[in-house]
Amino acid sequence: MAKNFSGNIHAVLGVARDAPLEEIKRAYRRKALEMHPDKNPGDAAAATVRFQQLQAAYETLCRQKEAGGEPHESEARRERERKEKAWEEEEGRQRKRREEDRWWEKKDDKRKKRRRKKESKKTPEEEEEEEKENEENEKEEKEEEEGEEQEEERAKYWEEEDEERGKDWEKKKKNERSHRKDKNQMNGETEWKRKWSKKTAEEEEEEGEEEEEEESCNLSFLLTINQV
């Protein structure tokens, strides 16, 4: 039986790395006919070696295809996992070292702050001056707050004043419209009364004329009767 082949099995068989099993078998049969020692009687020893390499490559590639993997895949995976584990361990050590460094930095900062606090003790004159400065700052802040409150009150007052003026103006306009409406209504009634009174005078004049005609008719009738 041929041993496992450790060279480039795809190059020996003349197939691609992703070639299917059927293509590998066809390539093996073709190569076997070409490399068989009986086909090369002039160089039987070299032909035998090449034929054995071909068989070893074919058997190795068939086992790989049947197993569904590439050569040394498990070893490569284990090597990759080992490297990843080593990298994680190294990263964990570095993280722990960084945490320790931060802890020591915080401790040093606290020590430096305590030292600065001890070294920065102020004299009574400096404390008095600082107290005066703080009082002045508080006074200025208080004045600014009072000024802002006064500005807000002034703005509120003028806003209310403008609102009252607006209401008075609307009320005045409303009264003017109402007065104008009443005046127009009164003018209309006066015009109607004037027309009605004129019409009544004309009717009275017509009635007077009718009465005069009736009296003249009656008078002429009486004269006619007397003559008869």
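Thr 60 is a residue of helix α3 in this predicted model. Its relative accessibility is 7%, so Thr 60 counts as buried, the cut-off being under 20%. The side chain of Thr 60 comes to 2.7 Å from the backbone oxygen of Ala 56.

**Nonpolar core**

- The largest nonpolar core is made up of 15 residues.
- The residues with the most contacts inside this core are Leu 13, Val 15, Ile 24, Tyr 28, Leu 54, Tyr 58 and Leu 61.
- Three elements, α1 (9–13), α2 and α3 (44–67), each give two or more residues to the core.
- The most is given by α3, which supplies six residues.
- Val 15, one of the core residues with the most contacts, touches His 10, Glu 23, Ile 24, Ala 27 and Leu 61 when its neighbours within four places in sequence are left aside.

**Helix α2**

- Helix α2 covers residues 21–35, which is 15 residues.
- From first C-alpha to last, α2 reaches 21 Å, close to the 21 Å expected at 1.5 Å a residue.
- The buried residues of α2 are Ile 24, Ala 27, Tyr 28, Ala 32 and Met 35.
- Viewed down the axis of α2, these buried residues fall within an arc of 135°, so they line one face of the helix.
- Two of the buried residues of α2, Ile 24 and Ala 27, are also among the contacts of Val 15.

**Aromatic pairs**

- Three aromatic pairs are found in a search of the whole structure.
- In the pair of Tyr 28 and Tyr 58, the ring centres are 4.0 Å apart and the planes lie at 10°; the pair is therefore stacked, as planes under 30 degrees apart count as such.
- This pair links distant parts of the chain, with Tyr 28 in helix α2 and Tyr 58 in helix α3, 30 residues apart.
- Both Tyr 28 and Tyr 58 are buried, and both are listed among the residues with the most contacts inside the largest nonpolar core.
- Trp 103 and Trp 104 form an edge-to-face pair, at 4.7 Å centre to centre and with 80° between the planes.
- Trp 103 has a relative accessible area of 48% and is therefore partly exposed.
- Trp 104, at a relative accessible area of 45%, is partly exposed as well.

Notes:
Residues are numbered from 1 along each chain as its sequence is written. This is a predicted model: local features need pLDDT of at least 70, side-chain atom pairs count only at pLDDT 80 or more; totals for chains, interfaces and linings use all residues. Side-chain values use heavy atoms; hydrogens and water are left out. Helices (H or I, at least four residues) and strands (E, at least two) are DSSP runs, numbered from the N terminus. The expected span of a helix is 1.5 Å times one less than its number of residues. Buried means under 20% relative accessible area, exposed over 50%, partly exposed in between (1.4 Å probe, protein chains only). The arc is that of the directions from the helix axis to the C-beta atoms. A nonpolar core is a set of buried Ala, Val, Leu, Ile, Met, Phe, Trp, Tyr and Cys residues joined through side-chain atoms within 4.5 Å. Contact means heavy atoms within 4.5 Å. A polar contact is a pair of N or O atoms within 3.5 Å; within protein, one must be able to donate a hydrogen and the other to accept it, and residues adjacent in sequence count only if both atoms are side-chain atoms. Rings of Phe, Tyr and Trp (its six-membered ring) pair if their centres lie within 6.5 Å; planes under 30 degrees apart count as stacked, over 60 as edge-to-face and the rest as tilted.
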